[in-house]
Amino acid sequence: MSSSFSSAEGQQRFVVARELFETYATYRMTEIVSRRFTQADMLRWLESFRSMNLLTTIPLGQSAEGRTISLLRLGTGSVKVFLWSQMHGDEPTATMALLDMLNFFARARDHVVSRTILDALSLLIIPMVNPDGAERFQRRTAQSIDMNRDALTLGTPEAHILKETRDTYQPHFGFNLHDQDPRYTVGNSKNVCAVALLAPAFDESRSDNDIRVAAKEVASTFASVLQEFIPGHVSKYDETFEPRAFGDNVQKWGTSTVLVESGGWPGDREKMFVRKLNYVGLLTSLHAIATGTYQQADLAAYEGLPLSTKYLYDVILRNAQLKANDQVSAVRVDIGINLDEELNMQNGRVELVGKIVDIGDLSIFGAFQEVDVRDALLSGSEIKMDQRITAERVQALLIKP
Ligand SMILES: [Zn+2]
């Protein structure tokens, strides 16, 4: 979408984004190699900034299981930007990107992007809102509650802490950082959605006010930057107002909020490339807020995004002959298989386990891996809905139909 860069501010934004993208390897935290990590891991990584006088750590309170949730504060500017990640314990991509970003500020302090951001903005960061969930790599808190449906009730200590922090600092901008199922696609295409964005609605009729329009401008900035690197792989998240969710309410409470959902990328189960996209998108958006240039963003870059849909499986075997049982004749079908991570109770390892999720004409669906098995005869004893299938068997079917 080069049209979004026709203006001078757009050109400048792209120069910034391109440099961040190309120098990422210099600044990423090389210690982080897996998206399964705990709060203890994260605190160890944050230790490396302790002697650098980069940030202030402010304890906010305790999770249900007594883990201290802290706010990281840096920058001296008057515009306050609040970034919170991992309220869902198994959604850590942006947490990794935030640590990369801190590393950039620490190692490239005199860089014009660092100086511009830290002079103009005060960054308020909760990198892991739900440490108990992260400990188990699960969505919900230790009390089995989805804290993103707890913004009104505030029954969980984690939701209480998030709301209290918002109210204490009254930030101008907010980034609500999540992961979505990597199998989302962009609109009706088979393009995997790498990142979905949303300026959440604050009411049922999805009205606009100054707060939400500013959020849309920031989302447009973020989207236009990503389109330069991954054209056609950015979508808009479901816009329906959810009265119990944080993004919607933080927008309503007066902070211009953008939801960022990290999606998928082929061959990137650990989401390391999506982490890099987050890093570039977040830093470029913060830079645009710091310079005020986000206000010149073309709103169409956000408003025109196709909605996230779900037209993707992990694996599709095309054109198999399925003989379901002795009573029926074989029929030509496509077979959709998803591979999910499961904890093996025997050895304590996380393993991939396949499940057959669709059989029939799957022509409208795409897949991370697909192969034409050219009328290979498969039996209904192996191929039936919801049947488990080992990852090894799936690979064998893909390689040698
Ligand atoms: Zn989430």
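At what angle do helix H5 (residues 112-120) and helix H10 (residues 272-291) pack, and how many Å apart are their axes?

1. In this predicted model, helix H5, covering residues 112-120, packs against helix H10, covering residues 272-291, at an angle of about 55°, and the axes of the two helices lie 9 Å apart. Because angles of 65 to 115 degrees count as roughly perpendicular and those under 35 degrees as roughly parallel, H5 and H10 are therefore described as oblique to each other. The crossing in which H5 passes H10 is left-handed.

2. On the H5 side, the residues that take part in this packing are Val113, Thr116, Ile117 and Ala120, and they meet Leu283, Leu286, His287, Ala290 and Thr291 of H10.

3. Turning to the chain as a whole, its secondary structure consists of 12 helices and 16 strands. The C-alpha trace spans about 75 × 50 × 45 Å along the principal axes of the chain. A compact globule with 401 residues would have a radius of gyration near 21 Å, and the 22 Å found for the chain therefore agrees with that expectation.

4. Of the 401 residues in the chain, 56% are buried.

Technical notes
Residues numbered from 1 in each chain as written. Predicted model: local features only at pLDDT ≥ 70, side-chain atom pairs only at ≥ 80, totals over all residues. Heavy atoms only, no water. Axes fitted to C-alpha atoms, helices over the stretch in contact; angles between N-to-C directions. Helix = DSSP H or I, 4+ residues; strand = E, 2+ residues; numbered from the N terminus. Parallel < 35°, antiparallel > 145°, perpendicular 65-115°, else oblique. Left-handed = near helix turned anticlockwise from the far one by under 90°. Contact = heavy atoms within 4.5 Å. Rg over C-alpha atoms; globule rule 2.2 N^0.38 Å. Buried < 20%, exposed > 50% of the residue type's maximum accessible area, 1.4 Å probe, protein only.
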